[in-house]
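This briefing covers selected features of one protein model, grouped by topic. Please read it alongside the sequence and coordinates shown below.

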Amino acid sequence: TELDLTISGGSGNCPPGLICENPINFPGVGLYTDMTSCGFGDDYQDTDIAGCNNPLAFYLNSEETVMTFTPSSSGCYIFETSNGSNPDADPAIFIFDDCPDQAPDCIGTGVDENDMPATTAQLEAGVEYYIVFSAIEIMSNTGGIITSGPSCTDFDIEITPCPPEAPSQDC
C-alpha cells in the first residue's frame, strides 16, 4: 500500500490568539471581553522574555494568548486586564515590538500575583505591537524561592490612552 501524506503545522486554521502568525487583532482602543488563555497551549518559553528584566522569568512556560494592537497615534497607552475567572492564576501581560520568539524589545510588563495585571507603554503610531497574556500559579514563595506551575484564566482587556499630563504651573 502506498500513501501520499502531507503534514504541516502552524497553519492558518489555528484559532486566533494561539500563535503570532494568527493573533487576535485589536482594531483600536476599547474594551475587549471574553478572552481566555485556557486551551491555547504553550508556544513560547521563558527565555523569550529575558529582555523584560522580569524577576518572575517563568512566565510563558504556560498557556498564552497572543494579540496585536497598532495605535493610530503615538503616545502612552494603558493595557488593563480584568474579570479573571481563575482565582488561583497569577497572570502577566507583556507588550513586545515583535513576536516573543523573535528576540523582541520588551515595551511593557505587568505582573500581579492573585489579581489581574496592567501596564502602560509608550507606543509609536502605525507600529504593530504584540500583547502576550500568560498565567501561572505560584504555589509557594519561601525565602525568595518560588515554585510555580501552569495555569490559565478567562479575562477582559481594555486599551486606553493615558490621561494627559497636567500642565506645569508657574507660581
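D34 is exposed in this predicted model, with a relative accessible area of 71%. The residue lies in strand β2, which spans residues 30-36, and has a positive phi of about 60 degrees although it is not a glycine.

**Backbone geometry**

- Most residues other than glycine have a negative phi.
- A103, like D34, is not a glycine, and A103 has a positive phi of about 55 degrees.
- A103 is found in the loop between β5 and β6 (106-111).
- A103 counts as exposed because its relative accessibility is 72%, and the cut-off for that class is over 50%.

**The sheet containing β2**

- An open sheet of 4 strands has the order β2-β10-β4-β7, and the pairing is antiparallel.
- β2 and β7 (118-123) stand at the edges with a single partner strand each, so one side of each has no neighbour in the sheet.
- From one strand to the next, the twist averages 20 degrees.
- Strands β2 and β10 (residues 154-161) run antiparallel and are joined by 5 bridges.
- Within this pairing, Y32 stands opposite I157 in β10.

**Aromatic pairs**

- A pair of aromatic rings is described by the distance of the centres and the angle of the planes.
- The model contains 6 aromatic pairs.
- One of them is the stacked pair of F26 and Y32, at 4.2 Å centre to centre with 25 degrees between the planes.
- F26 and Y32 are both buried.
- Another pair, F69 and Y77, is edge-to-face, with 5.5 Å centre to centre and 70 degrees between the planes.
- F69 and Y77 are both buried as well.
- Y59, F94 and F96 form one aromatic cluster.

**Nonpolar cores**

- In soluble globular proteins, nonpolar side chains tend to be buried together.
- The largest nonpolar core has 20 residues, of which C20, Y44, I49, Y59, L60, F94 and F96 touch the most other members.
- The greatest contribution comes from β8, with 4 residues.
- Another core lies apart from this one and has 19 residues, including M116, F133, F155 and I159.
- F96, a member of the largest core, touches I49, C52, P104, D105, C106, I107, Y129, Y130 and V132, leaving aside residues up to four places away in sequence.

**E64, a buried acidic residue**

- E64 lies in strand β3, which covers residues 64-69.
- E64 counts as buried because its relative accessibility is 0%, where the class requires under 20%.
- The side chain of E64 reaches the backbone nitrogen of D43 at 2.5 Å.
- Apart from residues up to four places away in sequence, E64 touches G17, F40, G41, D42, D43, Y44, V132, F133 and S134.
- Among these contacts of E64, Y44 belongs to the largest nonpolar core, whereas F133 belongs to the core of 19 residues.

Notes:
Residues are numbered from 1 along each chain as its sequence is written. This is a predicted model: local features need pLDDT of at least 70, side-chain atom pairs count only at pLDDT 80 or more; totals for chains, interfaces and linings use all residues. Side-chain values use heavy atoms; hydrogens and water are left out. A nonpolar core is a set of buried Ala, Val, Leu, Ile, Met, Phe, Trp, Tyr and Cys residues joined through side-chain atoms within 4.5 Å. Buried means under 20% relative accessible area, exposed over 50%, partly exposed in between (1.4 Å probe, protein chains only). Helices (H or I, at least four residues) and strands (E, at least two) are DSSP runs, numbered from the N terminus. Contact means heavy atoms within 4.5 Å. A polar contact is a pair of N or O atoms within 3.5 Å; within protein, one must be able to donate a hydrogen and the other to accept it, and residues adjacent in sequence count only if both atoms are side-chain atoms. Rings of Phe, Tyr and Trp (its six-membered ring) pair if their centres lie within 6.5 Å; planes under 30 degrees apart count as stacked, over 60 as edge-to-face and the rest as tilted. Two strands pair if DSSP finds at least two bridges between them. Axes are lines fitted to C-alpha atoms, for helices over the stretch in contact, and angles run from 0 to 180 degrees between N-to-C directions.
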